[in-house]
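Look at the sequence and the model shown here. The report then describes the nonpolar parts and some backbone features.

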Amino acid sequence: MKKAVEIQKRIESGELTGPLAGVPVAIKDNLCTEGLRTTCSSRMLDNFVPAFSAEAVLNLEKAGAVVIGKTNMDEFAMGSTTETSFYGPTKNPRNPEHVPGGSSGGSAAAVAARECFFALGSDTGGSIRQPASYCGVVGMKPTYGTVSRYGLIAYGSSLDQIGPLTRNVEDCATVLELIASYDKKDSTSIQRTDTDFTRALVEDVKGMRIGIPKDYFTEGLNPEVSVAVLKAAEVLEKKGAVTEEFDLSLVEYAIPTYYTIAAAEASSNLERFDGVKYGFRAGGEEGLHRMYRKTRSQGFGPEVKRRIMLGTFVLSAGYYDAYYLKALRVKAMIKEAFDRAFAKYDCILGPVAPTTAPRLDASLSDPLKMYLGDIYTISVNLAGLPGISVPCGTDSRGLPIGLQLIGDCYQEKKLIQIAYTYEQCGGSYHETI
C-alpha cells in the first residue's frame, strides 16, 4: 500500500505515464525480489531474502507496476501441477478440486481469480502455457533470450524463459513489451529492436499460413480438447488464414530429450544448495559431507531429488555419450524440423496439453504420466521458439481448454496478431468464465 501511494504521486506529477503504472502484479517465487522472501516453494530456500531483484521485476517496477506478492509454484519449477510445493498445492480457481497446472500454477491462478491484473511466470517446458490453458488465461513464452534471466533461480538454463500471464492478449503484448530488454548481466540475452509488441494488436490474418501438425492429434489427446482446438482453426480460416495439416515429426522423441537435458542442467544448477552459504542447513551433523547429505535430503522434495538423480546419472562417466550427448543431437534435429515447418508456415497451431486440468492428487502418484502431459509444449523450449496459449473453450465439466500458437524465433508479433484476431472473433471467453 505504501508503494501504491508513492506510485500514485508519481502518476499525478506526470512522471509515470505508461500503461502499467499503479497496476498490481504478482511474481512467481523463483524470481528474486529485493527484500522480499524468494523460496522457489522449497524448504531449501525457506528463509532466503535476496539482496537484488530480477531484471524483469526491475523493468516492471521502473514502469510503475506494484508487486503485491509472490506466487506458489512447483518446487524449483519441477512439476506440472503446483503440487510439489513445500507449502502445499494451489487450487484451480475455475474448479478448486482440480490443479491449476504448473510450474507457474500460482501465477495463473492469481490472474484467473482476479487477485492481480497480471503475473510473471517462467517456462522451462511449458510452465507458463500449460497453467494458462488449465486456468483459462493468456500465457506467453517469448523467444529464448528476449527477457533477461538475471535473477531467475535456474532450473534448466538453456530452456528457461520468463514471460507474462494475463487476462487477454492485449495485456500480454503490453507486459511483454516492458519486460523484454537486453541485459549484459545475462550472457544469453539478445539485443532486439523489434520489441514494440503492442503494434501487433491488429485484427488481420488474411493470407497467413497456419500449419496443424498431424502428430499432435493422435492417440492420447482428449476428444473435447481436439474439437475445441480445431474449431479455433476454423475461426481463423474464416478470417482469411490458410490452414493445412502436415507432419512435424520427432514428436515422440521430445519427452525423453527434454527430461534428459533438463534433469542434467538441474543436477548442475542445484549443486549450489548445500547448506553452506545460504538457505536451509540441517543440524546435528559433524563433518562437511554428512552435513551436505542431510541438508540436501531434508531440504529437497521427492520430485526435485528424482530429477537431480536422473541428471547426475546421465552426466556420469559411461552414460554421458549414451544419453546426454544423444539428447543434444536430437534437440538439434527437433530445431531443424521446426525450421522446415516455418519455411512454409507463419505459425503452428495445436493444443497446449492433451487434457484439461486433472484432479488434485491424480498426477503425483504417477510421475511418468505427469511428464507426458508436457508433450505439446516442451519442443518449443528445446528449439528456443516463442509460444502463446489462448483460451478457446471449455470441456463438458466447465474446465478451460487452451489453444497453442507456436512461431519461429523472434516472430512474437505474428503470434500476438493471430492470437488477438482469434480472441476478437472467438468471443471474450476469459471474461465469461
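Predicted model: local features only at pLDDT ≥ 70, side-chain atom pairs only at ≥ 80, totals over all residues.

Residues are numbered from 1 along each chain as its sequence is written, and side-chain values use heavy atoms, with hydrogens and water left out.

The largest nonpolar core has 105 residues, and those with the most contacts inside it include Leu60, Phe76 and Phe338. Helix 7 (residues 251-269) gives the most to this core, nine residues. Apart from it lies another core of twelve residues, among them Ala110 and Val137. A nonpolar core is a set of buried Ala, Val, Leu, Ile, Met, Phe, Trp, Tyr and Cys residues joined through side-chain atoms within 4.5 Å. Buried means under 20% relative accessible area, exposed over 50%, and partly exposed in between (1.4 Å probe, protein chains only). Helices (H or I, at least four residues) and strands (E, at least two) are DSSP runs, numbered from the N terminus.

| Residue | Phi | Relative accessibility |
|---|---|---|
| Alanine 77 | near 65° | 4%, buried |
| Serine 249 | near 70° | 32%, partly exposed |

Alanine 77 is in the loop between strand 2 and helix 3. Serine 249 is in the loop between strand 7 (242-246) and helix 7. Most residues other than glycine have a negative phi, and most peptide bonds are trans. The peptide bond from glycine 102 to serine 103 is cis, with omega near 5°.

Tyrosine 323 lies in helix 10 (residues 320-342) and is partly exposed, at 40% relative accessibility.
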